[in-house]
Amino acid sequence: MNGVPVAGKVVLVTGANRGIGKALAAKALELGAKKVYATARDESKLADVKAMDSDRVVTLTLDVTKHEQVTAAAAAASDVEIVINNAGMGTGAQLLADDVVEKSKLEMDANFYGPMRMGVAFAPILKANGGGAMANVLSVAGLVNFPFAPTYSTSKAAGHSLTQGQRAVLAGQNTLVCGIYPGPIDTDMTEGMTVDKASTEEVANEVFDGIANGTEEIFTDNMAKGLAQGMKADAKAVEKGIAAQFQNVR
Ligand SMILES: NC(=O)c1ccc[n+]([C@@H]2O[C@H](COP(=O)([O-])OP(=O)(O)OC[C@H]3O[C@@H](n4cnc5c(N)ncnc54)[C@H](OP(=O)(O)O)[C@@H]3O)[C@@H](O)[C@H]2O)c1
């Protein structure tokens, strides 16, 4: 599938009010996007992004767990050519806790059903606009379970499989479907984690390079690139290594 350079394109980013989503919106503007739909659950939190370029930024309310908001966003953004499903969350659920199922459902709703709903609403728009691209922000934790965040990992693994399915289904309409696999990134989500973290700007650079080059699986930082190589060489060894880290710190 051909790559889709962001210059001159209309882009939509979910969860654009902070973290990786905010960096993606800023980078899209820097790289010459024609328009950026910056979306968030609370539109008032997008004031900073709007202020980056009030002519090119259009803000929309969008909670990806709410079908009617996804539909309304699609109606408002019928000129979109690149959709980035960035919104996501973790609950801190632990596998043996009583509340694990309820918390896991919340993660699935945002991290798996969110991009699924977005695919239903936006695939026809991308088709009408020539194909374009849809990119789902997943995680290396979707490729191997991180027992520190086990149900977050399963929601991202479901997102990984969804992305493969969307790629196959949307190939016929010339839509590039990318999976984005960050390692630990310096955002609110990793606050308190004492590992090395890459910057949101590095992620945003890699994402738009990847979409421009037609890269289906985008590994955004050194940790993610190393994990991808390790998985190719010996996926079981990677699983065992991460499980051992968990045992050591418990
Ligand atoms: N940081 C990392 O190390 C890392 C690593 C791998 C993957 N990721 C993924 O990268 C994406 C962005 O995360 P981040 O690190 O930037 O985290 P973050 O700073 O916590 O930001 C998460 C963003 O997602 C939004 N969001 C959560 N649930 C939503 C929903 N139902 N509808 C719409 N927006 C929703 C949040 O909105 P509110 O402000 O309204 O809560 C916020 O804008 C997520 O998909 C995350 O899983 C992050």
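A polar contact is a pair of N or O atoms within 3.5 Å. In this predicted model, a backbone N or O atom of Gly88 and an oxygen atom of the ligand form such a pair, at 3.4 Å. The protein buries 95% of the 880 Å² that the ligand exposes when taken alone.

**Ligand shell**

- The ligand is surrounded by 26 residues, and the closest of them are Asn17, Arg18, Arg41, Tyr152 and Thr187.
- By residue class, the shell comprises 11 nonpolar, 10 polar and five charged residues.
- Helix H1, residues 19-30, and helix H5, residues 150-170, each contribute at least two residues to this shell.

- A side-chain N or O atom of Thr187 lies 2.6 Å from an oxygen atom of the ligand.
- At Ile20, a polar backbone atom is placed 2.8 Å from an oxygen atom of the ligand.
- For Gly88, the backbone also provides the atom, with a distance of 3.4 Å to a ligand oxygen; this pair meets the criterion because the cut-off for a polar contact is 3.5 Å.

**Helix H6**

- Helix H6 covers residues 200-213, and its 14 residues should span 20 Å at 1.5 Å a residue.
- The C-alpha atoms at the ends of H6 are 20 Å apart, which agrees with that expectation.
- The buried residues in H6 are Thr200, Val203, Ala204, Val207, Phe208, Gly210 and Ile211.
- Viewed down the axis of H6, these buried residues fall within an arc of 160 degrees, so they line one face of the helix.

**Helix H3**

- In helix H3, residues 67-76, the buried residues are Val70, Ala73 and Ala74.
- Their directions, seen down the axis of H3, fall within an arc of 100 degrees, so these residues line one face of the helix.
- Glu68 and Ala75 are exposed on the other side of H3.

**Ser153 in helix H5**

- Ser153 belongs to helix H5.
- The relative accessibility of Ser153 is 1%, so this residue counts as buried, the limit for that class being under 20%.
- A polar atom of the Ser153 side chain lies 3.0 Å from the backbone nitrogen of Phe146.

**Loop between strand E5 and helix H5**

- Gly142 is located in the loop between E5 and H5, and its relative accessibility of 8% places Gly142 among residues that count as buried.
- The C-alpha atoms of Gly142 and Thr59 are 30 Å apart in space, with the two residues 83 residues apart in sequence.
- Phe148 is also found in the loop between strand E5, residues 133-137, and H5.
- With a relative accessibility of 36%, Phe148 counts as partly exposed.
- Between the C-alpha atoms of Phe148 and Lys103 the separation is 14 Å, and these residues are 45 residues apart along the chain.

**Asn174 in the loop between H5 and strand E6**

- Asn174 occupies the loop that connects H5 with strand E6, residues 176-181.
- The phi angle of Asn174 is near 65 degrees, a positive value in a residue other than glycine.
- Most residues other than glycine have a negative phi.
- Asn174 has a relative accessible area of 41% and is therefore partly exposed, since that class lies between the limits of 20% and 50%.

Definitions and conventions: Residues numbered from 1 in each chain as written. Predicted model: local features only at pLDDT ≥ 70, side-chain atom pairs only at ≥ 80, totals over all residues. Heavy atoms only, no water. Near = heavy atom within 4 Å. Polar contact = N/O pair within 3.5 Å; in protein donor to acceptor, adjacent residues only side chain to side chain. Areas by Shrake-Rupley, 256 points an atom, 1.4 Å probe, with all protein chains shown as cover. Helix = DSSP H or I, 4+ residues; strand = E, 2+ residues; numbered from the N terminus. Nonpolar A, V, L, I, M, F, W, Y, C, P; charged D, E, K, R; others polar. Expected span 1.5 Å × (residues − 1). Buried < 20%, exposed > 50% of the residue type's maximum accessible area, 1.4 Å probe, protein only. Arc of directions from axis to C-beta.
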